[in-house]
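This report describes the architecture of one protein model, from its overall composition to selected residues.

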Amino acid sequence: MALYLLFESASGYALFHAYGIDEIGQSVDAVRSSVLDLKRFSKAVKLAGFTPFSSAIDALNQCNAISEGIMTDELRNFLELNLPKVKEGKKAKFSVGVMEPKVGSHITEATGIPCQSNEYVQELLRAVRLHFDQFIDQLKPSDLEKAQLGLGHSYSRAKVKFNVNRVDNMVIQAIFLLDTLDKDVNSFSMRVREWYGWHFPELVKIVNDNYLYAKLAKFVTNKSDLSEKDIPALADLIGDEDKAKEIVEAAKASMGQDLSPVDLINVQQFAQRVMNLSEYRKNLYEYLVTKMNDIAPNLTSLIGEMVGARLISHAGSLSNLSKCPASTLQILGAEKALFRALKTRGNTPKYGLIFHSSFIGRASTKNKGRMARYLANKCSIASRIDCYSDVSSSIFGEKLREQVEERLDFYDKGVAPRKNLDVMKAAIEGMTNTASEEGKQTSLHWSLKFKSFCMSVNLHLALNNYLAGKENGGTSAKKSKKKKSRAEADGDAMDLDKPANTSAAEAEPETEKKKKKKKHKLEEPQDQEMAATGDDETPKKKKKKSRDASADDEPKTATEGKKKKKKSKMAGDD
């Protein structure tokens, strides 16, 4: 079978015919060593066709399509033009070797051209890449290098292209820095308290807030300088006149030691650094809130900025978080506890980072696990909406939050919550109204797409309910079927004006194996059954054409008829 090699270069598509290479019996190492020599390789491979890209944009589009495993129209036309024609109904006597298996499968599905991608083909394509400039006469090595460099830069820029307003990287860095600042501010505040406590130990009991303590340490500096005239300034600083008076009184009767002016200056400078860090921490928190509302508005509305940012940071990105199932999102952050439980065969954790949500704290102890599972489901939906939506809106997050609130009321008070379908319909209506008011067609289009998504979610829930009902109520379904068959039998009996007293077990037909097994059992108790039943047994149906004159009655089923025949035969023999 002839082998053709498809090579995607930075300047265009090329097709090579490998006619002088025998794949059978050759190892990959032997091929690798033989194709390095241009003279030997040029005798075995020849150029069958080449088509250059029309522009740099066209080259970028073709490169993106190849990376995604898609065959473009240009590539299809190139292959159909340069490959041998295959008659209808006959199998192709050639195959095309490609570097990417996804591209090969797509070519085979779309055109029927057989493709292969193995180590042997990949070694040949590496050799083609090595000697490519030698096969094209008008192509210089410098031109090929420039084309590769330009296409590489364009492809890289297209891959890392993003919306600057929706960069989850900034959220990850901000939440990391926020946690670090919390630790640093706490440790530095404790150092200020300990350092300045040697001079004014009573101030610690009066002021508990670290930021206010640092401000007071910078303002007071030397306690001996405090007087009654400083009370208004202290009241403005801490917002409480009574505390200001208490500080002045405590300074007069303080038991602390005196510090030198140099020590007081150092304490004052360090207190200023702590104040600056605290203020920067507040600004960073405001920045994080703004970025979370831009990047993940629905997740923010549902669970809050801090918990949402920690979830995104722990997952690595909003895209990774949206790909996590709800069960993974529920225990995100509790991996150590999970693996320890799996190792020791103990109880697995019920929640991870979402434990910091207010919903988990408001739930009762016995309902915390159920609430965590429900909240994880809603967070998973919100993260997917935020990740894949084109329009930034928090309508779905607000509706999901209402659902969680209703679930809390259901656990506490027993109030039945709304169904998912009704809530999603209300969210879609709100989205549609917003789109109509603002005139955003993209928002309306996205809301309609999400409507179909909601319908599929509800179909999925209905399927789960059906399967659960099938597992739990399988026996009841069988009983209902038996009741239906019994009712039909009763209806037939009523039509014939005959009583029906047989049980459901008698109404069911027996298999041939059961008939054979019951033959020997019926032989011994025949006389007893005849004597016991006698005239008391009332038949359900009568035969219109009786075969035996002595048999007045006929049973309903075929098995009972056989039993009666056996009884009559036994009576005749006796």
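## Basis of the description

This is a predicted model, in which local features need pLDDT of at least 70 and side-chain atom pairs count only at pLDDT 80 or more, while totals for chains, interfaces and linings use all residues. Residues are numbered from 1 along each chain as its sequence is written, and side-chain values use heavy atoms, with hydrogens and water left out.

## Overall composition

The protein contains 29 helices and 5 strands; these are DSSP runs numbered from the N terminus, helices being H or I of at least four residues and strands E of at least two. Of its 574 residues, 36% are buried (under 20% relative accessible area, with exposed over 50% and partly exposed in between; 1.4 Å probe, protein chains only).

The accessible surface of the protein is about 35300 Å², and carbon and sulfur atoms account for 52% of that surface (Shrake-Rupley method, 1.4 Å probe; for residues, only the protein chains shown count as cover). Among contacts (heavy atoms within 4.5 Å) between residues at least 6 apart in sequence, 67% link residues at least 24 apart.

## The sheet

An open sheet of mixed pairing is formed by 5 strands in the order β3-β2-β1-β4-β5, where two strands pair if DSSP finds at least two bridges between them. The edge strands, each pairing on one side only, are β3 (45–52) and β5 (115–116).

Strands β1 (residues 2–8) and β2 (residues 12–18) are antiparallel, joined over 6 bridges. F7 has A14 in β2 as its bridge partner. Helix α4 (residues 73–82) packs on the sheet and touches β1, β2 and β3, its direction making about 30 degrees with that of β2 (axes are lines fitted to C-alpha atoms, for helices over the stretch in contact; angles run from 0 to 180 degrees between N-to-C directions).

## Nonpolar cores

A nonpolar core is a set of buried Ala, Val, Leu, Ile, Met, Phe, Trp, Tyr and Cys residues joined through side-chain atoms within 4.5 Å. The largest has 48 residues, and L288 and L311 have the most contacts inside it. Helix α21 (residues 368–388) gives the most to this core, namely 8 residues.

Beyond its neighbours within four places in sequence, L288 contacts V171, A174, I175, L178, M306 and A309. Another core, apart from this one, has 26 residues, including V192, L203, A217 and L226.

## A buried glutamine

Q403 belongs to helix α22 (residues 395–413). Q403 is buried, at a relative accessible area of 2%. Residues up to four places away in sequence excluded, Q403 touches Y374, K378, R418, K419, N420, V423 and M424.
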